[in-house]
Amino acid sequence: HCPICKGLLEHEYLDEMLKDLHILMEDVKKKSVMRLKYDGLSFDSEEEAVENAMNKYAYYQCFKCKKAYFGGEAQCQAYAGDDFDPEDLVCGGCSNLSQEVCPKHGTDYLEYTCRDCCSVAVYFCF
């Protein structure tokens with residue numbers, strides 16, 4: 001996104017460089033709208049649902065597999081700040097903490113909770 005207008009950066013010379021980023025962004029949009037529905041929230045249009053979901057939830061890129069994973073609500077991330085080690089950002093599927101795999105979803109939607117507050121864990125420190 002442009003730091004000034006927040007619009008998506010698009011230009012024919014950047015298409016190849018931004019291709020993976022656009023794929024990741026589409027995945028986050030899809031997952032955030034699914035999370036919105038899971039939380040029982042709905043909106044009049046798909047565009048409105050995407051905008052609200054993208055503002056409500058925080059998604060992180062797994063350091064190992066490079067896929068997006070749910071990390072809680074965006075307001076919680078705002079309190080935590082940006083001081084973290086990127087190697088700590090690991091999704092449930094890559095954490096090697098679980099022996100079970102959902103037969104329908106695989107490891108894409110595994111979530112773990114914080115040992116201190118029981119909220120959805122954003123990274124693994126144990």
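Guide: The protein chain exposes about 9,500 Å², with carbon and sulfur atoms supplying 52% of that; the areas come from the Shrake-Rupley method with a 1.4 Å probe, and for residues only the protein chains shown count as cover. Bear in mind that this is a predicted model: local features need pLDDT of at least 70, side-chain atom pairs count only at pLDDT 80 or more, and totals for chains, interfaces and linings use all residues. Residues are numbered from 1 along each chain as its sequence is written, and side-chain values use heavy atoms, leaving out hydrogens and water.

Of the 126 residues, 25% are buried (under 20% relative accessible area, 1.4 Å probe, protein chains only). Along the sequence the pattern runs α-α-β-β-α, with helices (H or I, at least four residues) and strands (E, at least two) taken as DSSP runs numbered from the N terminus.

Now the core itself. A nonpolar core is a set of buried Ala, Val, Leu, Ile, Met, Phe, Trp, Tyr and Cys residues joined through side-chain atoms within 4.5 Å. The largest one here has 11 residues, including L24, V28, A53, Y59 and F70. At least two core residues come from each of α1 (15–38), α2 (46–56), β1 (57–61) and β2 (68–73), and α1 gives the largest share, 4 residues.

Zoom in on A68, another member: beyond its neighbours within four places in sequence, A68 is in contact (heavy atoms within 4.5 Å) with L24, D27, V28, K31, Y60 and Q61.

Key
Buried means under 20% relative accessible area, exposed over 50%, partly exposed in between (1.4 Å probe, protein chains only).
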